[in-house]
Amino acid sequence: MSKIAEIIAEVEDSDAEIRSGFDRAIAGSTKFFAWAIFLAFAITVIEVAARYVFNSPTFWAHESTTFLIAAIFLIGGPIALARDKHIRVRMFYDSVSPKRKRHLDILNSLIGLVFFAGLSVASWTMVSKSWFNPSGELYLEGTGTSWNPPTPALLKMLVLICVVTMFVQTLLHLIAAIRRDVSAAPASAGER
């Protein structure tokens, strides 16, 4: 069993391109968030047992599971960016020289910064409306159900945190791309 864990760790390490210490910290958080998936699974099992075995359904299981899965989905953005696993047209990117890759990385980072800045402004607007009432007092938006947890407000704050995190990551990637020395990079067979 430990052999399988070693193989998985080896594949994860060799498959990911971690570009900064910040990225390393974010990518390292995946083990923590894997437990959140297990927790969502456990809550679902408890709900099924409570509903169909004991005929006593819970009022909190569905919203808890939805919150956990939505939170994990949101955290996937910074993790994908940290591991350099975001969407990229590899056919074009892999076929150019290191100098052109550097230019593409700079362009990609600049576009990303504009995008994440816009999302940050929109996220802040959502957070301010879901966390404060019109008079400015703290009031967390709830789901409107009988349990009424403040999960919409918490998820909107998590959106803001993730978008700001991805903005910082992209800024660090831009700085690294600008500083990257491509003059001594060896050209491989498929590069021009």
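Helices here are DSSP runs of H or I with at least four residues, numbered from the N terminus. The views below all show a predicted model.

**View 1. A nonpolar surface patch formed by residues of H7 together with Phe22.** Helix H7, which spans residues 151-179, gives the most to this nonpolar patch, with five residues. The patch has an area of about 410 Å² and is made by Phe22, Val164, Val168, Leu171, Leu172 and Ile175. Phe22 belongs to helix H2, residues 21-28, and is partly exposed, its relative accessible area being 33%. Because patch residues must have over 30% relative accessible area, Phe22 with its 33% can take part.

View 2. The side chain of Asp23 forms a polar contact of 3.0 Å with the side chain of Gln169. When residues up to four places away in sequence are left out, Asp23 touches Ile18, Ala82, Gln169 and His173.

**View 3. The largest nonpolar core and a second, separate one.** Nine residues make up the largest nonpolar core, namely Ile26, Ala27, Ala71, Ile75, Ile79, Ala82, Leu155, Leu158 and Cys162. Each of H2, H4 (61-82) and H7 supplies at least two residues of this core, and the largest share, four residues, comes from H4. One member, Ile75, touches Phe33, Leu158 and Cys162, again not counting residues up to four places away in sequence.

View 4. Met166 is found in helix H7 and counts as buried, at 13% relative accessibility. Beyond residues up to four places away in sequence, Met166 touches Gly77, Pro78, Leu81 and Phe116. The C-alpha atoms of Met166 and Ser120 are separated by 9.9 Å, although these two residues are 46 residues apart along the chain.

**View 5. A salt bridge between Glu47 and Arg51 within helix H3.** The whole structure contains three salt bridges, one of which joins the side chains of Glu47 and Arg51 at 2.9 Å, N to O. The two residues are four residues apart in helix H3 (residues 30-53), which means that about one helical turn separates them. Glu47 counts as buried at 12% relative accessibility, whereas Arg51 is partly exposed, with a relative accessible area of 37%.

**View 6. A salt bridge between Arg180 and Asp105.** The side chains of Arg180 and Asp105 meet in a salt bridge of 2.8 Å, N to O. Because Arg180 lies in the segment after H7 and Asp105 in helix H6, the pair ties together parts that are 75 residues apart in sequence. Helix H6 covers residues 98-131. Asp105 is buried, with a relative accessible area of 8%, while Arg180 is partly exposed at 33%.

**View 7. A salt bridge between Glu141 and Lys156.** The side chains of Glu141 and Lys156 form a salt bridge at 2.9 Å, N to O. This pair links distant parts of the chain, with Glu141 in the loop between H6 and H7 and Lys156 in helix H7, 15 residues apart. Both partners are described by their accessibility: Glu141 is partly exposed, with a relative accessible area of 29%, and Lys156 is partly exposed, with a relative accessible area of 23%.

Conventions:
Residues are numbered from 1 along each chain as its sequence is written. This is a predicted model: local features need pLDDT of at least 70, side-chain atom pairs count only at pLDDT 80 or more; totals for chains, interfaces and linings use all residues. Side-chain values use heavy atoms; hydrogens and water are left out. Patches are made of residues with over 30% relative accessible area and no salt bridge: like charges are joined within 9 Å, nonpolar side chains (Val, Leu, Ile, Met, Phe, Trp, Tyr) within 5 Å. Accessible areas come from the Shrake-Rupley method with a 1.4 Å probe; for residues, only the protein chains shown count as cover. A salt bridge is a side-chain nitrogen of Lys or Arg within 4 Å of a carboxyl oxygen of Asp or Glu. Buried means under 20% relative accessible area, exposed over 50%, partly exposed in between (1.4 Å probe, protein chains only). Contact means heavy atoms within 4.5 Å. A nonpolar core is a set of buried Ala, Val, Leu, Ile, Met, Phe, Trp, Tyr and Cys residues joined through side-chain atoms within 4.5 Å. A polar contact is a pair of N or O atoms within 3.5 Å; within protein, one must be able to donate a hydrogen and the other to accept it, and residues adjacent in sequence count only if both atoms are side-chain atoms.
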